[in-house]
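Subject: Structure for your review

Dear colleague,

Please find below the structure that I am handing over to you. My notes on what was found in it follow directly after.

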Amino acid sequence: MVTETVEKKIITKEDIFIKARMISEGVRAQVSKEASPELYKAAMGENKVDELKIPEKLDFNNPESIIELFAEVNKTDTSSDFRQEIIFNGSGLRAPIYLNKHSRMELHIQDNNASVFEDGDILVTGTFSKRFEWLDEKLSNGLPISTVLPSMSASIINVVFSLSCMNYNTNRGCRYCNLFSNPISKKISMLPKETLRVWAKYQGEAVKIAIDNGWRGSIAISGGALAPAQRGEYLERLEIVLSSLKDAVGDEIFRKLPKVYNHCPPEDFSDMYKWKEMGITTTSFDLEVMDDAYFAAICPGKAAHKPLSYYKKAQEYSVEVFGPVSGTIGCVVMGIEPMTTLVEGFDERISKGILPLPLVFHSTPGSAYEGFRPPTAEWIIEASEKMADSFMKHIFKWIKPRRVNTKEGGKGLSNLSSGRFPTTHLSVLFDEIGFRLNKLLGGRKLSEIMS
Ligand code: SF4
């Protein structure tokens with residue numbers, strides 16, 4: 001659970017730079033199997049998912065057999081593991097642990113304590129979030145709950161309504177993405193709704209166990225691109241996963257959980273009102289990049305479905321339905337388009353009340369851009385400072401409308417801080433914003449300077 005606030009933690013420029021370096025350069029790591037089985041496996045190169053025997057044809061008449069296969073893949077696949085992070089002492093910044101045996105920085109982990117060294121000097125110390133023990137708890141079918149929690153982290157659980165990506169499977173996936181590169185998803189072109197129903201039931205059970213064990217984060221309703229023949233049934237799929245979730249966690253917790261719709265914009269934007277009735281609190285239509293031409297080149301499958309301008313219009317509509325900023329977000333990948341288009345695009349979006357979440361590009365195994373280099377720490381900092389300028393310039397005009405929406409049960413802008421947005425360990429923008437808010441607030445609450 002993220003507990004740091006802008007009032008309590010002192011963010012420093014030095015820590016922001018170290019975090020940017022950790023994102024860019026990665027770390028060499030000395031990790032025991034006990035401290036982190038996932039990091040240990042990754043460091044030892046034990047990602048042997050390709051050696052698994054997957055049947056030529058999946059048996060959709062037997063959904064349980066497919067879920068068992070996912071459990072097998074999960075035993076070894078560490079390729080999209082977003083849990084590994086350290087939380088810096090003092091500033092509370094959350095930094096991802098990307099392993100790179102050529103990095104000059106070395107990470108030592110002992111129990112919950114982490115230290116990052118360079119040339120024998122300590123750069124930063126922090127807390128290592130150990131594997132949640134409850135990930136080994138069992139679903140009602142006896143499999144570990146991690147089976148149905150793809151790419152989960154301390155701040156996000158993905159509740160998916162598809163188990164593969166049509167774009168990835170037709171070689172038109174977003175070039176940096178490996179979310180559905182596992183050998184089972186590669187064999188799924190059309191997931192029958194009945195199979196989804198079984199998956200969703202277990203997904204609900206897993207979220208309930210997570211919550212019972214203290215997990216507090218956002219639910220992202222997501223999944224890979226549907227095949228064209230299945231696009232028309234997306235609302236039904238949404239209903240399947242949301243009702244299974246509600247049945248599992250109960251009405252009250254369901255209502256309190258932030259639920260982000262993180263998939264394609266609908267054909268008919270007014271569907272967003274239906275989503276709201278179904279419990280969705282936020283939309284995230286991911287632009288991926290800010291520039292149209294880069295969008296077509298980097299996300300060929302998404303661009304063949306809808307142009308970037310359509311995603312942007314959907315975001316603007318969402319501001320009306322779900323409110324600005326916390327109600328309307330969208331991920332962009334930093335470091336694959338020029339800084340100018342990124343920061344201009346950020347400025348334009350935030351001026352309209354849409355909050356882009358920039359995540360720094362990271363080479364992922366199984367993606368088309370595997371082996372490509374991430375941007376440097378200096379590049380990340382410069383772009384983040386420019387986007388923070390835009391944020392501070394525009395944000396205050398959105399605070400009042402959002403406070404009104406807060407009465408309707410949304411999240412207030414006073415929640416803004418470096419650790420509160422999902423996936424902030426993959427970006428330093430919100431740390432830079434936290435640094436500026438710290439200075440601006442000088443110990444006061446945001447509401448005090450707004451009144
Ligand atoms: S980001 Fe692109 S490739 Fe990845 S799941 Fe989404 S549509 Fe598919």
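Rings of Phe, Tyr and Trp, the last represented by its six-membered ring, count as a pair if their centres lie within 6.5 Å. On that basis, Y234, Y261, W275 and F285 are linked by ring pairs into a cluster. Please note that the model is a predicted one. In total, the structure holds 13 aromatic pairs.

Aromatic pairs

A pair of aromatic rings is described by the distance of the centres and the angle of the planes. Y261 and F285, both members of the cluster, form an edge-to-face pair, with 6.1 Å from centre to centre and 65° between the planes. This pair links distant parts of the chain, 24 residues apart: Y261 belongs to strand β9 (residues 259-261), whereas F285 lies in the loop between β10 (282-284) and α10 (292-298). Both Y261 and F285 are buried.

A further aromatic pair is formed by F269 and Y310, and its geometry is tilted: the centres are 5.1 Å apart and the planes are at 50°. This pair also links distant parts of the chain, with F269 in the loop between β9 and α9 and Y310 in helix α12 (residues 308-322), 41 residues apart. Are F269 and Y310 buried or exposed? F269 has a relative accessible area of 16% and therefore counts as buried, the limit being under 20%. Y310 is likewise buried, with a relative accessible area of 16%.

Charges over rings

Y310 takes part in another arrangement, in that the charged end of K306 sits over the Y310 ring, 4.5 Å from the ring centre. Elsewhere, K259 lies over the face of F254, at 4.3 Å from the centre of that ring.

Packing of α7 and α9

The axes of helix α7 (residues 234-249) and helix α9 (residues 271-278) come within 11 Å and cross at roughly 10°. Because angles under 35 degrees count as roughly parallel, α7 is described as roughly parallel to α9. On the α7 side, the contact is made by Y234, L235, L238, E239 and L242, and on the α9 side by D271, K274, W275 and M278. Sorted by class, six residues of this contact are nonpolar, three are charged and none is polar.

Backbone and buried positions

Which residues other than glycine have a positive phi? E288 is one of them, with phi near 70°. E288 lies in the loop between β10 and α10, the loop that also holds F285. At 9% relative accessibility, E288 falls under the 20% limit and so counts as buried. V325 is another, with phi near 55°. V325 is placed in the loop between α12 and β11 (328-334), and its relative accessibility of 0% means that V325 counts as buried.

Finally, I would draw your attention to E38, which is found in helix α2 (residues 37-43). With a relative accessible area of 8%, E38 is buried. How far apart are E38 and R131 in sequence and in space? The two residues are separated by 93 residues in sequence, and their C-alpha atoms are 8.4 Å apart in space.

Yours sincerely

Note on methods: Residues are numbered from 1 along each chain as its sequence is written. This is a predicted model: local features need pLDDT of at least 70, side-chain atom pairs count only at pLDDT 80 or more; totals for chains, interfaces and linings use all residues. Side-chain values use heavy atoms; hydrogens and water are left out. Axes are lines fitted to C-alpha atoms, for helices over the stretch in contact, and angles run from 0 to 180 degrees between N-to-C directions. Helices (H or I, at least four residues) and strands (E, at least two) are DSSP runs, numbered from the N terminus. Angles under 35 degrees count as roughly parallel, over 145 as roughly antiparallel, 65 to 115 as roughly perpendicular and the rest as oblique. Contact means heavy atoms within 4.5 Å. Ala, Val, Leu, Ile, Met, Phe, Trp, Tyr, Cys and Pro count as nonpolar, Asp, Glu, Lys and Arg as charged, and the others, Gly among them, as polar. Rings of Phe, Tyr and Trp (its six-membered ring) pair if their centres lie within 6.5 Å; planes under 30 degrees apart count as stacked, over 60 as edge-to-face and the rest as tilted. Buried means under 20% relative accessible area, exposed over 50%, partly exposed in between (1.4 Å probe, protein chains only). A charge sits over a ring if NZ of Lys or CZ of Arg is within 6 Å of the ring centre and within 35 degrees of the ring normal.
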